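Welcome! Please look over the sequence and the structure before you start.

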Amino acid sequence: MQNRRDFLNLLCRGTLLTGLAAASGVLVYRSVKGGQCKLGTSCNNCQKSDSCNLPEADLFRQTVWQLDPKKCIQCGRCAENCVMTPSAVKATHVYAMCGYCDLCGGYLKPDTKTISTAAENQLCPTSAIKRKFVEDPFYQYTIDEALCIGCAKCVKGCSAFGNGSLQLQVRHDRCKNCNQCSIARNCPSEAFSRVPANKPYLLQGIESKDENRG
Amino acid sequence: MKKALALVLLVFLFAVQVMNSYGIQRFPKPEFESGYVQPETLMPDPRAEVLAIMDIAVLLVSLSVVSWLVLKKRSRNGVFWMSLFSLAYFGFYREGCVCAIGSIQNVTLALFDTSYIIPLSALIFFVTPLVYTLFFGRTFCAGVCPFGAMQDLVAFRPQKLGSKLNAVLGVIPYLYLGLAVLYAATGTDFIICRYDPFVGIWRLNASFGMFVFAGILLILGIFIARPYCRFLCPYGVLLNWSSRFSRRHLTITPSDCIQCRLCENSCPYDAIDIPVTVKNPEDKRTMARKLIFIIILIPVLIFAGGWTGSRLYESLAGVNAKVQLAKQIVSPPKDSNQPETFEIQAFKSSGKQQSLAFAEASAMLGKFYLGGWLLGGFMGLVFGGLIAGLMITKHHTDYIPNKGTCFSCARCIDYCPVKMP
Ligand code: SF4
Ligand code: SF4
Ligand code: SF4
Ligand code: SF4
């Protein structure tokens, strides 16, 4: 009786172990096979994989959440749905795209009569955008991240009337990298996706972080 | 037909109109004369990838240490300190992510969606606790899982619930597991992460709802020890079944049980099976009759459950984004003054064909129909198992921990007067 019990136990344990091994085998195989470029080398052995730009090289890596500014419709839910208060999503300024306009569509409300830095003229509800005179007729705009709540109002203004240099991004010094981003499931435009952790930003006008580093 | 065509045309025109405006350099790049240097756009790095390897190492070491403490050292104190460490590391330092419970969903998604490549750490967090449990019992729950550690700390006045109530409430985790797998497999949502009770406390930033949920669990947990573990945790289902077939398992007594009954009330989780001495042993006839009843009952329940599940598939699919979008396209708000929903706006600006959105939604509905059958059938099986378990009494003479539900917390060990031979 005791022997039969033990044998059954062993059998079940064996089955479960085999199942686990098979499932993880499939998943590991997929990531290794997936991580192969056209040259036929496996990414895990490739010494250039850190700077590789093929999507294949992204496999088998840690991923982080990022939103694609091209898809974003500036709905404002990024401000409300992040597990962090204030949101880990912030407006990010791509200076390289900016026109340094006096009449900034991201800074001023569209119907303001006078260009002034008065709070009631500013689009940003928390006055997180700082305006600084550079030289005639250019102004530099900087986001104060401690104040920005990720509401996308400035981003909307800038993409409608300006160059689109203000873009929302998940800021990885604040993001908790939740297993499932709670903004992602509420984003109406499916702008969020898991991106490889070595290329964690999807800014327009800046190819990738590596490039930026020069 | 004409109407439909006109509609498609309209949508198309609108889509072109509101197409994304990025990449339009409306204002030229300024040429500065004052020697102004453009600041760099700051892009802070995420957490370094090597730290994920550290998480894995800590997991393996603490699993090994706790298993050793439970099986070899038989030390409740040791287990307690390990659980505090795990609460600090996996709970407050790692803020509950990555966790074994949630990794069920990563594994499911990776199995069903080949384009999703699972991070290695999520896979390892799923597999290793199960493997350890298959060999040593639920030592993961005893001192590694931060959820368990958190609830273990507040279990001051545990009450007995009785085996029937325990068994009935114990069905909830199966439903939770089934739903989590269904929603992860369809790429809809990670509900385990969504309704995670403690992660908000660990990152010191909880939404109100999460805060209330955690509060309820912790206050309830004073009287009903580890309520999340026993009556919600979906990973607990997998651990429970692994532990039943474990090679070794915690024993209350180091050698032979002397029936002193001292440990009878020591378990806060009702996980000690007390001896069942039968007054009038059932004859072969009634046993056979019970068996036949169960053998007939289970397939009937599976089918009934599956049928019920398949009736519910539309409500199950209602939370899926693709299905919701299609619904909103088909039935726009009656009041035309009402602004368009963000979903419709986004759909239009994406320039996606309506037919594609419909095709995706109906494919999704198909998946949920099948999923409804499977989930329902699974729940039927679980109910069948519950009934069978309540009908059949297993006979044994000693006080033994129930291999399935025992968390290997090692409390009972201290109550046994028998010492190592
Ligand atoms: S939720 Fe999506 S669409 Fe809305 S602001 Fe955020 S990224 Fe943009
Ligand atoms: S992953 Fe979490 S912390 Fe990061 S943006 Fe999404 S919800 Fe916020
Ligand atoms: S039952 Fe679940 S929540 Fe409880 S300790 Fe085990 S894995 Fe953690
Ligand atoms: S080790 Fe003993 S006290 Fe702890 S859960 Fe198991 S049976 Fe209960």
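A residue is near a molecule or strand if one of its heavy atoms lies within 4 Å of it. This is a predicted model, in which local features need pLDDT of at least 70, side-chain atom pairs count only at pLDDT 80 or more, and totals for chains, interfaces and linings use all residues. Residues are numbered from 1 along each chain as its sequence is written, chains are lettered from A and ligands numbered from 1 in the order in which they are written, and side-chain values use heavy atoms, with hydrogens and water left out.

**Exercise 1.** Now do the shells of ligand 1 and ligand 4.

Solution. Ligand 1 has 13 residues around it, with Cys72(A), Cys75(A), Cys78(A), Cys187(A) and Ser189(A) nearest. That shell holds 9 nonpolar, 3 polar and 1 charged residues. Ligand 4 is surrounded by 13 residues, the closest being Cys267(B), Cys406(B), Cys409(B), Ala410(B) and Cys412(B). Its classes are 11 nonpolar, 1 polar and 1 charged.

**Exercise 2.** How are helices H9 (residues 172-185) and H19 (residues 354-391) of chain B arranged?

Solution. First, their axes come within 10 Å and cross at roughly 160 degrees (axes are lines fitted to C-alpha atoms, for helices over the stretch in contact, and angles run from 0 to 180 degrees between N-to-C directions). H9(B) is therefore roughly antiparallel to H19(B) (under 35 degrees is roughly parallel, over 145 roughly antiparallel, 65 to 115 roughly perpendicular, the rest oblique). Next, the contact (heavy atoms within 4.5 Å) includes Tyr174(B) and Leu175(B) of H9(B) and Phe368(B) and Gly371(B) of H19(B). Its residues are 10 nonpolar, 2 polar and no charged.

**Exercise 3.** What is the orientation of H4(B) and H9(B)?

Solution. The axes of H4 (residues 100-112) of chain B and H9(B) come within 8 Å, crossing at roughly 45 degrees. The two helices H4(B) and H9(B) are therefore oblique to each other.

Conventions. Helix = DSSP H or I, 4+ residues; strand = E, 2+ residues; numbered from the N terminus. Nonpolar A, V, L, I, M, F, W, Y, C, P; charged D, E, K, R; others polar.
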